[in-house]
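Subject: Structure handover

Hello,

Here is the structure I promised to pass on. Please open it alongside this note. My findings follow below it.

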Amino acid sequence: MSQPITNAPYAVTPIKGNFGAEITGLDLATASDAQLAEIAELYRRGSVLVLRDQKLTPEQLVRFGEALGTLENHTREQFTLPGFPTVYILSNKEVDGKRIGVHRDGMGWHTDGSYLREPLDTTVLYALESPPEGADTLLADMRAAFEALPADVQQEVAGKEVLHSFVYLIGQLDPEARSVVTAEQAGRAPDVVHPLVLMREDGSRSLYLSSGSTREILGEDPEAGRQRVRELIAHATQDQFVYRHKWRVGDVLLWNNRYTMHRATEYDDKAYIRLVHRLWVAGQGGLSS
Ligand SMILES: [Fe+2]
C-alpha cells in the first residue's frame, strides 16, 4: 500500500510516483476556500488528481473549477448544461429523442485544446452516472515519457516546433463528432505552433503531443513529421507511463493538458448510461520550451 503524502485530514495516495495523487475523505461540496486552494496546490505538484466520493451540484463543481483558474465557455454550446456555459456534458443519454451531450469523443490519444494559441490548462471530469465496466479514462505521463527517452533523442526533439490545426483535427474525428462543429466554430481557431518539449516551472521537461491536431513538425517533411509524432506517442503511451482511471459515480478526475495525453475507452452504450460533467480551465499564456 502507498503511504499518505501529507498530514491533512484526508488521505492522499500518490499515483505513479510524481504523476499525481488520489484523495479520499474530502468533501468538495463543503470544503473551505483554504482547503480548495490546498487541493489546487497539491494538484500542481503533479499532473493528475482524483477525488473520490463527491456529490456536487453544478454550482459546487464550478466553484471547485474556479479554485483552479478561469473557466472557459465551451465551443459546442449545444452540449452545455442549461444555465451553466462552462459545464459541458459527455453522455450517451437521450431526452425526447435528442442526445444531451457528446458521445464517442476523444477515443484517440490527445490533449485538450492543443489547437489553441494558449492551450487549455486543466480538464475536470465529474461522473454522475457511470457504466459498471468500460469507459475508463487513460492518462499518459508526458514528463516520465520524455525523461525515459535516450539523451540524443531528448536533445533532438527539444528544439522542435509542431504545427497544430483545429481543422486538421476535425477532419480526423469520428463522423458523429465531426458533424456538430460548424465552419464558424472552426474559424475561431486558426493553426498554431507549439514547442514539442515543454519546460515546467520546476525545470523538468515534458513531451507535448496530440494525435488529432499535430499536422506537421516545422522544418520536416509533413508525412515524416507525422510519423515521428506517431512514434513518440507510441513511446509515451506504453503501460509504464499510463494511469488507467476506472470510474465510480462521484469521482472527480482532473489533469493538466500541458503535461499529459488522455483517451477514452469503449463501453456498451446500449446497456449502460454514462453521464459526466466537464470543465475546462483556461491556459494562461503560451507554452514555454
Ligand atoms: Fe479530451
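Helices (H or I, at least four residues) and strands (E, at least two) are DSSP runs, numbered from the N terminus. This is a predicted model, where local features need pLDDT of at least 70, side-chain atom pairs count only at pLDDT 80 or more, and totals for chains, interfaces and linings use all residues. Residues are numbered from 1 along each chain as its sequence is written, and side-chain values use heavy atoms, with hydrogens and water left out.

**Two loop residues**

Lys 16 sits in the loop between strand E1 (11-15) and E2. Its phi is positive, about 45 degrees, although Lys 16 is not a glycine. Lys 16 has a relative accessible area of 39%, so it is partly exposed.

Asp 53 also has a positive phi, near 60 degrees, and is a residue other than glycine. Asp 53 lies in the loop between E3 and H2. Its relative accessibility is 55%, so Asp 53 counts as exposed.

**The iron site**

Which residues coordinate the iron ion? They are His 110 (NE2), Asp 112 (OD) and His 262 (NE2), at 2.2 Å. Donors are N, O and S atoms within 2.8 Å of the metal (3.2 Å for Na, K and Ca); water is not among the atoms, so sites may look incomplete. Along the chain, the donors of the iron ion follow the spacing H-x1-D-x149-H. His 110 and Asp 112 are both buried.

**Pockets**

Both pockets below come from a 1 Å grid over the protein atoms alone. A pocket is an open set of points where a 1.4 Å probe fits, with protein on both sides within 12 Å along at least five of seven lines. Lining residues have an atom within 4 Å of a point. Grid points are joined across faces, edges and corners, and a volume is the space filled by probe spheres set on the points.

The largest pocket holds about 860 Å³ of space. Its lining has 46 residues, and nearest the centre are Asp 105, Gly 106, Met 107, His 110 and Leu 173. Two or more lining residues come from each of strand E5 (84-91), strand E8 (122-129), helix H5 (166-172), strand E17 (260-264) and strand E18 (275-281). H5 gives the most, with 4 residues. By class, the lining has 17 nonpolar, 19 polar and 10 charged residues. Ala, Val, Leu, Ile, Met, Phe, Trp, Tyr, Cys and Pro count as nonpolar; Asp, Glu, Lys and Arg as charged; the others, Gly among them, as polar.

The second largest pocket has a volume of about 340 Å³. It is lined by 16 residues, with Arg 44, Arg 200, Glu 201, Asn 256 and Tyr 259 closest to its centre. Helix H1 (33-45) and strand E12 (197-199) each give two or more residues to that lining. The lining divides into 4 nonpolar, 5 polar and 7 charged residues.

**Cores**

A nonpolar core is a set of buried Ala, Val, Leu, Ile, Met, Phe, Trp, Tyr and Cys residues joined through side-chain atoms within 4.5 Å. The largest one has 32 residues. Those with the most contacts inside it are Ile 23, Leu 49, Leu 51, Phe 64, Val 252 and Leu 254. Elements supplying at least two residues include strand E2 (20-24), strand E3 (48-51) and helix H2 (58-66). H1 gives the most to this core, with 5 residues. Another core lies apart from it, with 21 residues, among them Trp 109, Leu 209, Ile 233 and Ala 236.

**Two residues in touch**

Tyr 43 is in helix H1. Its relative accessibility is 1%, so Tyr 43 counts as buried. Leu 68 is in the loop between H2 and strand E4 (80-81). Its relative accessible area is 9%, so Leu 68 is buried.

Not counting residues up to four places away in sequence, Tyr 43 touches Leu 68 and others, including Thr 122 and Leu 254.

Best wishes

Conventions: Buried means under 20% relative accessible area, exposed over 50%, partly exposed in between (1.4 Å probe, protein chains only). Contact means heavy atoms within 4.5 Å.
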